[in-house]
Amino acid sequence: MRNLFNSFALVGILILSSCQNNSKNYYFDEGQIFGTFYHITYEYTGDKSLHDNIMAKLAEFDLSLSTYKPQSVISRVNTNDTSVVLDHYFLTTFKRGEEISRITNGAFDMTVAPLVNAWGFGFKNKLDPEMIPVDSLLEIVGYEKVRLLNGKIVKDDPRIMFDASAIAKGYGVDVVADLLELNGVSNYMVEIGGEIRAKGENDKGRIWRVGIDKPIDDPSTMSREIQEVVQMGNGALATSGNYRQYYIKDGKKYAHTIDPRIGYPVQHSLLSASVFAPDCMSADAYATSFMVLGLEKSIGIVEKDSLLEAYFIYADSLGNYKTYVSEKLKDSLIK
């Protein structure tokens with residue numbers, strides 16, 4: 001069944017070490033969730049795996065933030081259901097999203113739903129690109145047009161809708177990681193659709209390693225080459241790029257990252273943004289924001305925030321691939 005993350009394929013990250021070793025009580029769990037794939041590896045001393053607990057938690061999470069489920073909290077907010085009770089997941093997402101919206105001057109904006117839908121990357125049918133009423137849609141887009149008041153979402157216009165897909169997948173990773181830690185797990189890697197949170201070491205006693213993909217245009221994800229290998233000891237990683245999710249109409253490429261400030265898909269030299277942060281929700285939201293902002297403004301935000309590290313792949317004026325690596329991240333690259 002389609003749900004919140006159905007349009008999001010694995011972008012930019014390849015897990016390099018995640019196999020089970022029963023002698024160390026490592027469990028490996030994989031499957032499909034949120035319309036994408038998940039891989040979870042963790043050391044646990046219990047009699048059986050935590051699979052059922054994890055699935056129950058993710059199902060609960062999906063009922064909060066899936067725009068494909070009419071009974072979810074976010075869907076009921078979108079349809080202005082006054083009886084909806086905002087749960088912990090929605091409130092956490094809304095508050096953190098609002099913070100990042102302010103920091104990025106609106107490059108991140110969960111009210112982008114009408115635009116994302118119109119361009120064909122959301123939860124409703126797309127329009128012909130030449131027929132999209134961008135100016136009209138911009139009237140009902142803007143994080144400053146909504147607010148939380150007495151436990152309710154107040155909208156300046158009832159047509160405003162939320163799309164949490166640029167932050168909720170990362171938050172889902174955090175939800176699983178937090179569940180593992182509550183059960184005493186200190187060595188784990190959680191990956192959902194390319195978003196990752198890791199802690200400790202793998203079954204071989206080594207710090208977790210992940211590969212960052214080269215930005216090769218391929219919606220099927222069959223053509224993959226590793227750009228860089230990075231060690232992850234304790235933290236989260238999310239990557240956003242326009243080389244997996246796009247469509248071509250009349251010879252023109254339309255990428256899935258929509259700039260909520262102007263209403264159009266982004267067109268600039270930044271090809272891929274990999275963001276490292278303490279939590280995956282923040283990494284996810286910033287990765288999308290940086291694809292909207294472009295290289296220079298994104299570097300400015302990273303250099304001001306001691307909790308963020310980034311690996312950017314961009315094209316120079318001649319079309320050659322170049323990279324930017326934040327200073328502290330350089331020590332984590334595998335030479």
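Leaving aside its neighbours within four places in sequence, which residues is F312 in contact with? Contact here means heavy atoms within 4.5 Å. By that criterion F312 touches L270, S272, A273, S274, F290, L295, S298, I299, V302, K322, T323 and Y324.

The model is predicted: local features need pLDDT of at least 70, side-chain atom pairs count only at pLDDT 80 or more, and totals for chains, interfaces and linings use all residues. Residues are numbered from 1 along each chain as its sequence is written, and side-chain values use heavy atoms, with hydrogens and water left out.

**Confidence**

pLDDT is the predictor's confidence in each residue, from 0 to 100. Its mean over the protein is 86, and 83% of the residues reach 70 or more. Over residues 1–14 pLDDT stays under 50, and the model has 69 contacts beyond four places in sequence for that stretch. Residues 245–254 also stay under 50, with 32 such contacts.

**Nonpolar cores**

A nonpolar core is a set of buried Ala, Val, Leu, Ile, Met, Phe, Trp, Tyr and Cys residues joined through side-chain atoms within 4.5 Å. Buried means under 20% relative accessible area, exposed over 50%, and partly exposed in between (1.4 Å probe, protein chains only). The largest core has 70 residues, and those with the most contacts inside it are Y42, I54, F90, L180, F290 and F312. Helix α7 supplies the largest share of this core, 10 residues. Apart from it lies another core, of 16 residues, among them M189, W208, V210 and L237. In soluble globular proteins, nonpolar side chains tend to be buried together.

**Helix α3**

Helices (H or I, at least four residues) and strands (E, at least two) are DSSP runs, numbered from the N terminus. The buried residues of α3 are Y89, F90, T93, F94, G97, I100 and S101. They cover an arc of only 140° around the axis, which puts them on the same side of α3; the arc is that of the directions from the helix axis to the C-beta atoms. These buried residues pack against α1 (51–65), α2 (73–78), β4 (146–149), β5 (152–155), α6 (168–182) and α7 (280–293). After α3 comes N105, whose phi is positive, near 55°.

**Salt bridges**

A salt bridge is a side-chain nitrogen of Lys or Arg within 4 Å of a carboxyl oxygen of Asp or Glu. The whole structure contains 16 of them.

| Pair | Closest N to O distance |
|---|---|
| R96 and E99 | 2.8 Å |
| K199 and E181 | 3.7 Å |

R96 and E99 both lie in α3, three residues apart, about one turn of the helix. R96 is partly exposed at 22% relative accessible area, and E99 is partly exposed at 35%.

D178 in helix α6 and R197 in strand β7 (residues 195–199) are 19 residues apart, and their pair links distant parts of the chain. D178 is partly exposed, at 37%, whereas R197 is buried, at 11%. K199 lies in strand β7 and E181 in helix α6, so this pair ties together parts that are 18 residues apart in sequence. K199 is partly exposed, with 23% relative accessible area, and E181 is partly exposed, with 32%. D174, D178, E181, R197 and K199 are linked in a network of salt bridges.
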